[in-house]
Amino acid sequence: MASKQTVKAAVVCHKGCVRSNNEDNFFFNGNYMSLNNMNEGAVIEHSFNSKCQLYGVFDGMGGGDWGERASALAAQSIQSVYMSMKSGDVEKLLNDYALKTNARIVEDGRSHQVDTQGTTMAVVLLRGDECHVANVGDSRVYLLRDHRIKQLSMDHSIVGDLVRQGLLTAEQARKSPKNNVITQYLGMPDGERPSQLMYYVKTALQPGDRLMLCSDGLCDLMSNAAIEEHLATIESPKSCARHLVMTALELGGKDNTTCIILDYGAFKPRLPLPAQTAGMFPGVVEQVDVARPAAAKPAQKDKPSWFTTSLTKQAADKAEKSAPAPKKTEDTDTSLL
């Protein structure tokens, strides 16, 4: 039987340097951003000892605030998985969540006469040393083991298909003008949705492993080699996430960027490669403060009340003991849980 390992975790979310709104959201083992606070971004770190843990990154798409609505709905809806993740078939649990959330986003868009509204998802569910990974779209999950990275998720995108066919390298795909065209997402109408919407893979973790979940605002601007160098050489999950996000901002910050780092047991970094040490971590990294989400504000009239739900820090503090029912504000629409 695998020994119990503490998971040190951190998330950093930033709207970037170009866009006026933040369509990224996340689920941090019981915490996520309400719609009203998404533009403020977030930085959270915590250590968890519970056997079962849940993390996710969601990158919304759509004009106006429709992408924000989709990613907020996906983050809020995954509470159903969080409350029932201790038992049962994990793949079925995640697939049911993906299909139900897909239908809810479609219905939300239809009720507001929106042509395109959707979000990606990249989810990691930990159950002991089991690491269950599920994704839709091009938000990614990486595993760092022995200081080498491996992508666990599968890109649902035009260039991702070309990479799997051997017609493009990963670096060519990253630099392609079509690298942001995804082929699957949560919010696909029935006539367009494939029979297999979600990709799923399960792997066993080893003490010292590091996981990263991110939106394409990070991996579009940084090569796998650059991501690996950061992940392998920075000890603290919070510092690593901050350095990765701020490096993306230094490279232009053209998109919203979210990064979650998870250390399974004690992580031992290696020394930076000599050729990459100089200027690897710009001084601006520690000068920019990424805001933590404030308390949920009252719902605006044109936004449904379920978007104002945001778990308190107390939920995160207690998460290592159990997976408690998420705390809800008085105006939460429980029919969506």
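Hi everyone. F27, Y32 and Y82 form one aromatic cluster, and that is where I'd like to start today. Please keep in mind that this is a predicted model.

Let's stay with the rings for a moment. Searching the whole structure turns up 5 aromatic pairs. One of these joins F27 and Y32: their ring centres are 6.3 Å apart and their planes meet at 15°, so this pair counts as stacked. Are these two residues buried or exposed? F27 has a relative accessibility of 0%, so it is buried. Y32 comes out at 3%, and therefore it is buried as well.

Another pair brings together F28 and F48, and this one is edge-to-face, with 5.9 Å from centre to centre and 65° between the planes. The pair links distant parts of the chain, since F28 belongs to strand β2 (residues 24-28) and F48 to strand β3 (residues 42-48), 20 residues apart. Both F28 and F48 are buried.

One more ring deserves a mention. F267 has the charged end of R210 sitting over it, 3.8 Å from the ring centre.

Now for the overall picture. The protein has 337 residues, and 54% of them are buried. Its secondary structure comes to 10 helices and 12 strands. If you take contacts between residues at least 6 apart in sequence, 76% of them join residues at least 24 apart.

How confident is the predictor, on average? The mean pLDDT is 84, and 80% of the residues score at least 70. The stretch to watch is residues 277-337, where pLDDT stays under 50. The model still has 133 contacts beyond four places in sequence for that stretch. Where pLDDT is low, though, the predicted coordinates should not be read in detail.

Next, a charged residue inside a strand. R140 lies in strand β8, which covers residues 140-145. Its relative accessibility is 17%, and because the cut-off for buried is under 20%, R140 counts as buried. What does the side chain of R140 make a polar contact with? The partner is the side chain of D155, at 2.7 Å. Leaving out residues up to four places away in sequence, R140 touches a whole list of others, including A122, Q151, M212, C214, C219 and N224.

If you follow the chain on from there, you come to the loop between β8 and β9 (148-151), where D146 is found. D146 is not a glycine, yet its phi is positive, near 55°. H147 is in that loop too, and it has a positive phi of about 70° without being a glycine. For context, most residues other than glycine have a negative phi. What about exposure? D146 is exposed, because its relative accessible area is 68%. H147 counts as partly exposed, because its relative accessibility is 24%.

Last stop: L99, which sits in helix α3 (residues 90-111). L99 is partly exposed, because its relative accessibility is 32%. Which residues does L99 touch, not counting those up to four places away in sequence? They are R193 and L197. Also have a look at M198: it is 99 residues from L99 along the chain, and their C-alpha atoms are separated by 8.5 Å.

Technical notes. Residues are numbered from 1 along each chain as its sequence is written. Side-chain values use heavy atoms; hydrogens and water are left out. pLDDT is the predictor's confidence in each residue, from 0 to 100. Contact means heavy atoms within 4.5 Å. Helices (H or I, at least four residues) and strands (E, at least two) are DSSP runs, numbered from the N terminus. Buried means under 20% relative accessible area, exposed over 50%, partly exposed in between (1.4 Å probe, protein chains only). Rings of Phe, Tyr and Trp (its six-membered ring) pair if their centres lie within 6.5 Å; planes under 30 degrees apart count as stacked, over 60 as edge-to-face and the rest as tilted. A charge sits over a ring if NZ of Lys or CZ of Arg is within 6 Å of the ring centre and within 35 degrees of the ring normal. A polar contact is a pair of N or O atoms within 3.5 Å; within protein, one must be able to donate a hydrogen and the other to accept it, and residues adjacent in sequence count only if both atoms are side-chain atoms.
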